[in-house]
Amino acid sequence: MRIEDVFGDLPTLETDRLMLRKISMDDAADMFEYASDPEIARYVTWDAQKSIEDSKAFISWVLEQYANGQVAPWGVVLKENGKLIGTCDFVYWNTNHARAEVGYAMSRQYWGQGLTPEAVRAILAFGFDKMRLNRIEARCNVPNTASARVMEKVGMQFEGILRQQMFTKGNYDDLKMYSILRSEWDS
C-alpha cells in the first residue's frame with residue numbers, strides 16, 4: 001500500500017460531536033486561537049504560535065502535504081459551531097511494517113470533555129480499516145498525564161518509558177510509549 005493511495009484525497013471523518021476534515025486557510029484564526037496558547041505547546045515539538053502568520057505558514061505546509069498525497073493532519077471541528085478546535089493525525093506511517101504513530105493537539109477550552117479521545121478513536125478506526133495497520137503507537141512526555149489518559153481511554157496499552165528519546169526545546173525528554181494492535185481493536 002502506498003501513502004498517496006490513502007492520503008491523496010484526505011477523507012472527512014465524522015463522530016457524534018466532531019468532524020475531522022482537511023484544514024484550509026479559512027481556519028487560520030481558529031488555529032491561532034488555540035496554537036498560540038503556551039500550555040497547548042508545552043509538551044509538543046512545536047513552539048506556541050506567535051502570530052496569525054505562524055498559523056498561515058503551518059496551514060501552507062499542510063496544504064502542500066495534501067497536494068502531494070502525504071500524511072497530513074485532519075482539522076478537528078466541533079459540529080455544534082463549525083469551529084476548528086484542534087488537529088489529529090498520523091505523524092508517521094511505516095508501510096513496510098503496517099505501523100503508524102498518532103498525534104493530536106486540542107484547544108484547552110475543550111479539554112476534559114472527551115473530545116480528544118473521540119477524535120483519536122476516529123483516527124484509529126481509519127488506520128485499522130483504511131490503512132490496514134497492524135499497530136498504532138502514540139508517545140507523550142512523562143509529565144503529560146492528560147495525554148497519557150487519552151491513550152488509555154482509547155484502549156492503548158502502556159509499553160514503557162523511552163529514556164531521553166526526543167530532543168525538544170533544549171532538553172532530552174523521556175517519553176511514555178503506548179500502542180494498540182489490530183487484534184486488540186477488533187476485539
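Modeller: Cys 140 is buried, at a relative accessible area of 4%. Buried means under 20% relative accessible area, exposed over 50%, partly exposed in between (1.4 Å probe, protein chains only). This is a predicted model, where local features need pLDDT of at least 70, side-chain atom pairs count only at pLDDT 80 or more, and totals for chains, interfaces and linings use all residues. Residues are numbered from 1 along each chain as its sequence is written, and side-chain values use heavy atoms, with hydrogens and water left out.

Cys 140 sits in strand β6. Helices (H or I, at least four residues) and strands (E, at least two) are DSSP runs, numbered from the N terminus. Leaving aside neighbours within four places in sequence, Cys 140 is in contact with Ser 147, Ala 148, Met 151, Asp 174, Leu 175 and Lys 176. Contact means heavy atoms within 4.5 Å. Tyr 178 is 38 residues from Cys 140 along the chain, and their C-alpha atoms are separated by 8.6 Å.

Stay on the strand. Glu 137 also lies in β6, which covers residues 135–141. Glu 137 counts as buried because its relative accessibility is 8%. Not counting residues up to four places away in sequence, Glu 137 touches Tyr 92, Arg 99, Ala 100, Glu 101, Val 102, Met 156, Met 177, Tyr 178 and Ser 179. Leu 124 is 13 residues from Glu 137 in sequence and 9.9 Å from it in space, C-alpha to C-alpha.

Met 156 comes next. Beyond its neighbours within four places in sequence, Met 156 is in contact with Val 102, Leu 124, Ile 136, Glu 137, Ala 138, Met 151, Tyr 178, Ser 179 and Ile 180. The largest nonpolar core has 52 residues, and Phe 7, Leu 20, Phe 90 and Met 156 touch the most other members. Helix α5 (residues 115–129) supplies the largest share of this core, eight residues. A nonpolar core is a set of buried Ala, Val, Leu, Ile, Met, Phe, Trp, Tyr and Cys residues joined through side-chain atoms within 4.5 Å.

Helix α5 also holds Glu 118. Glu 118 counts as buried, at 12% relative accessibility. Not counting residues up to four places away in sequence, Glu 118 touches Thr 15, Asp 16, Arg 17 and Leu 18.

Two loop residues deserve a backbone check. Most residues other than glycine have a negative phi. Ala 98 has a positive phi, near 50°. Ala 98 is found in the loop between β4 (83–94) and β5 (99–106). Leaving aside neighbours within four places in sequence, Ala 98 is in contact with Arg 132, Leu 133, Asn 134 and Arg 135. Arg 135 is 37 residues from Ala 98 in sequence and 6.6 Å from it in space, C-alpha to C-alpha. Lys 169 also has a positive phi, near 55°. Lys 169 lies in the loop between β7 (157–168) and β8 (171–181). At 39% relative accessibility, Lys 169 counts as partly exposed.
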